[in-house]
Amino acid sequence: GEYAAGKDSAAQILKEMNFRIISFSEILKEELQERKQKITRESLIKMGDGLRARWGPEILARKALEKIDDGENFVFTSIRNTAEVELLRERDDFLLVRVTAPEQTRLHRVLRRNLNEDPKNLQELHVQEALENSHEPFGQQLQKVMRMAKVIVANHSSLEMLHQKMGKL
């Protein structure tokens, strides 16, 4: 899903249902910490693109799969490249879910959480989202990944409604 669509909220709800969260972003943060580099949205994107270029576009999915145990319920977050999806689809238990929310709702959420790196207006939101939509094979391809989803969860209202939808899923 796009910026502030509710992906992490959906994952937290699944965590309450005994799913383990494995974030591709956390894998990148670990890499940045090992290299003693500052963790920013820009550095995460650059690190991910660099790892994909060096080790193959599915590298983050391979690293994520190394973290799971058989029989464990898990949810992956921050999938950004189609090759990652293709590798994960080789598993019978993989389902790609897209979380959506209207642009104005997402902007309102961003303004409400008020993190330093978050966009402060609609134009900045568009700029941030453009960074995640490369056409490069080793880059972030969020729009392409979202089109690969088998299930779409509309997250345009309350957290309680999202709980209901994730429970049904």
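I started in the loop between helix H6 (103-113) and helix H7 (122-131), where Asn-114 sits. This is a predicted model, so I keep in mind that local features need pLDDT of at least 70. Asn-114 has a positive phi of about 55 degrees, although it is not a glycine. Buried or exposed, I wondered about Asn-114? Asn-114 is exposed, with a relative accessible area of 54%.

Next I checked Lys-36, which is in the loop between H2 and H3. Phi of Lys-36 is near 55 degrees, again positive in a residue other than glycine. Lys-36 is exposed too, at a relative accessible area of 77%.

Then I looked at the helices on either side of that loop. H2 (residues 24-34) and H3 (residues 41-55) pack at an angle of about 90 degrees, their axes 9 Å apart. That falls in the 65 to 115 range, so H2 and H3 are roughly perpendicular to each other. From H2, the contact uses Ser-25, Leu-28, Lys-29, Glu-31 and Leu-32; from H3, Ser-43, Leu-44, Met-47, Gly-48 and Leu-51. By class I get five nonpolar, three polar and two charged residues in the contact of H2 with H3.

Last, the cores. The largest nonpolar core has 24 residues, and Phe-24, Leu-60, Phe-76, Ile-79, Val-85, Leu-88 and Leu-96 touch the most other members. H2, H3, helix H4 (59-65), strand S2 (74-77) and helix H5 (82-88) each supply at least two residues of this core. I also noted a second, separate core of 11 residues, including Ala-5, Leu-14, Val-153 and Met-166.

How values were computed: Residues numbered from 1 in each chain as written. Predicted model: local features only at pLDDT ≥ 70, side-chain atom pairs only at ≥ 80, totals over all residues. Heavy atoms only, no water. Axes fitted to C-alpha atoms, helices over the stretch in contact; angles between N-to-C directions. Helix = DSSP H or I, 4+ residues; strand = E, 2+ residues; numbered from the N terminus. Parallel < 35°, antiparallel > 145°, perpendicular 65-115°, else oblique. Contact = heavy atoms within 4.5 Å. Nonpolar A, V, L, I, M, F, W, Y, C, P; charged D, E, K, R; others polar. Core = buried A, V, L, I, M, F, W, Y, C linked by side-chain atoms within 4.5 Å. Buried < 20%, exposed > 50% of the residue type's maximum accessible area, 1.4 Å probe, protein only.
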